[in-house]
Amino acid sequence: MSLLYSALFGLVGGIARALIGILKYYRIEQKTKFRPEYFLITILVSGFIGMFASLIITSNYALSLISGYVGIDIIENLVKIYRKKLDF
């Protein structure tokens, strides 16, 4: 049961991160139309990444929430490092 709660807190952290990112994007890019399919895909992917990150890192609920929120940043930075390494 502890793993389930940890995964749920990571999911919530990932979804929170996605919502903040989407709101920030639409606030800056005011000419962009809202696309519900992009919104749902972003929320789902962010939630699952947060859930995965929280299961790997810890079983403490507060840290699961934080790792879910930060998990997307970790993956984004890894992609940037590999792009530089491979010259994309």
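From the N terminus on, the elements of the protein chain run α-α-α. The count is 3 helices and 0 strands, where helices (H or I, at least four residues) and strands (E, at least two) are DSSP runs numbered from the N terminus. Please note that this is a predicted model, in which local features need pLDDT of at least 70, side-chain atom pairs count only at pLDDT 80 or more, and totals for chains, interfaces and linings use all residues. Residues are numbered from 1 along each chain as its sequence is written, and side-chain values use heavy atoms, with hydrogens and water left out.

The C-alpha trace spans about 45 × 35 × 20 Å along its principal axes. Of the 88 residues, 24% count as buried, that is, under 20% relative accessible area with a 1.4 Å probe, protein chains only.

I turn now to the largest pocket. A pocket here is an open set of points on a 1 Å grid over the protein atoms alone, where a 1.4 Å probe fits, with protein on both sides within 12 Å along at least five of seven lines. Its volume, the space filled by probe spheres set on the points, is about 350 Å³.

Which residues lie nearest its centre? They are Ala18, Gly21, Ile22, Tyr38 and Thr42, among 13 lining residues, each with an atom within 4 Å of a point. Two or more lining residues come from each of α1 (2-28), α2 (36-57) and α3 (61-86). The largest share, 8 residues, belongs to α1.

How values were computed. Buried means under 20% relative accessible area, exposed over 50%, partly exposed in between (1.4 Å probe, protein chains only).
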